[in-house]
Amino acid sequence: PQSDAMYLLAATSKFAQGCFQLAVGTYTKDMTATTGSSACSGLKCPPCFLLDTTSGPIQLTIQNCHQNAFSSLHSVSTLNPFRFTNAGAAAATVSDNNGNMYLMARNGMK
């Protein structure tokens with residue numbers, strides 16, 4: 001069963017809290033990164049992204065999507081659920097580094 005505690009309620013020294021918000025632009029986020037532009041504000045990204053397309057489109061590429069905050073602690077690969085919410089009227093696309101691409105509905109969730 002899916003837990004209601006799916007996303008961290010508080011940030012730790014390594015993991016981001018809640019959903020990570022992105023605004024207009026093109027982004028690549030690596031689920032294992034803790035530094036640089038592919039991390040989420042200097043922390044590992046949560047499996048939840050809020051795509052704010054009120055000012056324009058967003059293109060997001062997720063790398064290492066088989067890793068999450070808990071699987072990386074135990075050195076395993078897992079099938080991880082992600083949540084993407086397009087909170088605007090412009091287009092948003094989400095892709096992975098294997099060539100899969102999803103178009104996010106305006107004002108919608110996937």
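Strand S6 (residues 92–96) is largely enclosed by the rest of the structure, because 5 of its 5 residues are buried; buried here means under 20% relative accessible area, with a 1.4 Å probe and protein chains only. Strands are DSSP runs of E with at least two residues, numbered from the N terminus. The model is predicted: local features need pLDDT of at least 70, side-chain atom pairs count only at pLDDT 80 or more, and totals for chains, interfaces and linings use all residues. Residues are numbered from 1 along each chain as its sequence is written, and side-chain values use heavy atoms, with hydrogens and water left out.

Both faces of S6 are covered, with Ala92, Val94 and Asp96 buried on one side and Thr93 and Ser95 buried on the other.

Two strands are said to pair if DSSP finds at least two bridges between them. Strand S4 (residues 58–63) runs parallel to S6 and is joined to S6 by 5 bridges; Ile58 has Ala92 as its bridge partner in S6. With strand S7 (residues 101–104), S6 pairs in the antiparallel sense over 4 bridges, and Tyr102 in S7 stands opposite Val94. S6 and S7 form a hairpin with 4 residues between them, and Gly99 in the turn has a positive phi of about 95°.

Val94 also belongs to the largest nonpolar core, which has 14 residues; Val94 is among those that touch the most other members, together with Leu22, Phe49, Leu51, Leu60, Ile62 and Phe84. Such a core is a set of buried Ala, Val, Leu, Ile, Met, Phe, Trp, Tyr and Cys residues joined through side-chain atoms within 4.5 Å. S4 gives the most to this core, with 3 residues.

Key. Buried means under 20% relative accessible area, exposed over 50%, partly exposed in between (1.4 Å probe, protein chains only).
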